[in-house]
Amino acid sequence: KPVTEPILCAAASAFDFGGPMVCDSHHYGEGHINDTFVVWRADHTKRFILQRINTDTFTDPAGLMENICGVTRHLRAKIQAEGGDPGRECLNVIPTLSGASYYIDTEGNAWRAYDFVENTVCLQQVGCEADFRTVAETLGKFQNQLADYPASTLHETIARFHDTPNRYANFEKALAADALGRAKTIAPEIAFIHARKKDCHVLLDQLAAGEIPLRVTHNDTKINNVLLDEATGKGICVIDLDTVMPGLSAYDFGDSIRTGANDCAEDEPDQSRVHFDLHLYEVFAKGYLSTAGSTMHTAEKRSLAWGAKLMTLECGIRFLTDYLEGDHYFHIARPNHNLDRARTQFTLVRQMEDVFDQMLEIVCPDNH
Ligand code: ATP
Ligand code: MG
Ligand code: MG
């Protein structure tokens, strides 16, 4: 549903921005989930991010905002104790005039507001290695600062988000139903997934066995969810905390590798152009471990390589499931779009498997 000027202005006037506001109903930034706007104080001294939360994806905005408030409060205290600038290095939730963390508009939609983190850039693609390393360090630091946060108190904002065996089971259901008769055209992709059934269990089995810890994870660790300083390129702030949940460090590490350690589009139709970049994997791993590594034992470091493979496999399974079910979940712009996306993920998985020993060695040089 579109956001109209009156709806936006009504939302803006619900928050404690410290004065009258002017609104611009053009979307800001390149997010795909929420509706993001910038609002200014009428005297133009300060601007804020105002977002309408996508409640189709996030059905419990109260739980989601409780997560974000808890996590940002914890981060702020850590940043302060480390002599950092909590105003810039952490999202700051602006309460409503009645002191709530979110506002419900007349159409029933939920809104929230943050301070605008000024003088930063938000990269859409990995431009240079140095930036990728910085993103890794910033995400590792985020994890480190949340290492003592009680992960199990967080709400699961999307149920079973990285439950790979469950994603596999959903794929099997879609395949059995074969609602559009597409299964016969994708035998190689089906065989690819079936051959990796056991792999899907590796991380959750390690968690269940107590070999790797439950962590506070971000779960959407693309590079455009990390803001870098415009002038120095330094890592400043991890944003987009909707999917902060209990999880595994392997999820965050893995999703960054899936999205960043290659030079192809997620929906590249020409598989000969899909290349997993082991060097970028190493760059990211070194950056991530330099800030998060001190809290991690051998088994957890090892699990990072599995995270890279399983986040990629899981994503491919989800694309193929949606293809079988008739493209209801992921927006498609052409026929076979989800099939192309799935194939790209599987090509990356195959290439990771070819160098998996090296991937393990890089994250866990002492013992793999
Ligand atoms: P995604 O598709 O990654 O899930 P989203 O729809 O959840 O995105 P956000 O990532 O929260 O939206 O915000 C969209 C964009 O707005 C960001 O990529 C960033 O450019 C900008 N942005 C968000 N929060 C802030 C902030 N506090 N300060 C400055 N810019 C911000
Ligand atoms: Mg985002
Ligand atoms: Mg998001």
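Is Asn119 buried, partly exposed or exposed? At 47% relative accessibility, Asn119 counts as partly exposed. The notes below concern a predicted model.

1. Asn119 and its backbone. Asn119 sits in the loop between strand S6 (110-115) and S7. Its phi is near 60 degrees, which is a positive value in a residue other than glycine.

2. Three strands make up an open sheet, ordered S7-S9-S10, and their pairing is antiparallel. Strand S7 (120-122) and strand S10 (235-238) are the edge strands; each has a single partner strand, so one side of each lacks a neighbour in the sheet. On average, neighbouring strands of this sheet are turned by 35 degrees against each other, direction ignored. As background, strands of a sheet pair through backbone hydrogen bonds, either parallel or antiparallel.

3. Strand S9 (residues 226-229) pairs with S10 in the antiparallel sense over three bridges. Two residue pairs can be looked up in the model: Val226 stands opposite Val238 in S10, and Leu227 has Cys237 in S10 as its bridge partner. S9 and S10 form a hairpin with five residues between them. In the turn, Gly233 has a positive phi of about 75 degrees.

4. The magnesium ions. The magnesium ion (ligand 2) is coordinated by Asn225 (OD1) and Asp240 (OD), at 2.2 Å. This pair links distant parts of the chain: Asn225 is in the loop between strand S8 (215-217) and S9, Asp240 is in the loop between S10 and S11, and the two are 15 residues apart. For the magnesium ion (ligand 3), the coordinating atoms listed are Asp240 (OD) and Asp240 (OD), at 2.2 Å. The magnesium ion (ligand 3) and the magnesium ion (ligand 2) are 3.9 Å apart, and Asp240 coordinates both.

5. Which of the two classes, buried or exposed, applies to Asn225? Asn225 is buried, with a relative accessible area of 5%. Asp240, at 26% relative accessibility, counts as partly exposed. Asp240 lies in the loop between S10 and strand S11 (245-247). Asp240 also has a positive phi of about 60 degrees, although it is not a glycine.

6. Helix H9. The 15 residues of helix H9 (residues 278-292) should span 21 Å at 1.5 Å a residue; the end C-alpha atoms are 20 Å apart, so the two values agree. At the start of H9, a side-chain oxygen of Asp277 comes to within 3.0 Å of the backbone nitrogen of His279.

7. The buried residues of H9. Buried here are Leu278, Leu280, Tyr281, Val283, Phe284, Ala285, Gly287, Tyr288, Leu289 and Ala292. The elements covering these buried residues include helix H4 (129-145), helix H8 (249-260), helix H10 (298-325) and helix H12 (356-363).

8. Arg52. This residue is found in strand S3 (residues 47-52). What is the relative accessible area of Arg52? The value is 6%, so Arg52 is buried. Leaving out residues up to four places away in sequence, Arg52 touches Lys1, Pro2, Val3, Asn34, Asp35, Glu107, Asn109, Ala110 and Trp111. With Lys1 there is also a polar contact: the backbone oxygen of Lys1 lies 2.3 Å from a polar atom of the Arg52 side chain.

9. Asp56. Asp56 is found in the loop between S3 and helix H2 (61-81). Its relative accessible area is 74%, so Asp56 is exposed. The C-alpha atoms of Asp56 and Ile33 are separated by 9.5 Å, and these residues are 23 residues apart along the chain.

Note on methods. Residues numbered from 1 in each chain as written. Chains lettered and ligands numbered in written order. Predicted model: local features only at pLDDT ≥ 70, side-chain atom pairs only at ≥ 80, totals over all residues. Heavy atoms only, no water. Pairing = 2+ DSSP bridges. Helix = DSSP H or I, 4+ residues; strand = E, 2+ residues; numbered from the N terminus. Axes fitted to C-alpha atoms, helices over the stretch in contact; angles between N-to-C directions. Donors = N, O, S within 2.8 Å, 3.2 Å for Na, K, Ca; no water. Expected span 1.5 Å × (residues − 1). Buried < 20%, exposed > 50% of the residue type's maximum accessible area, 1.4 Å probe, protein only. Contact = heavy atoms within 4.5 Å. Polar contact = N/O pair within 3.5 Å; in protein donor to acceptor, adjacent residues only side chain to side chain.
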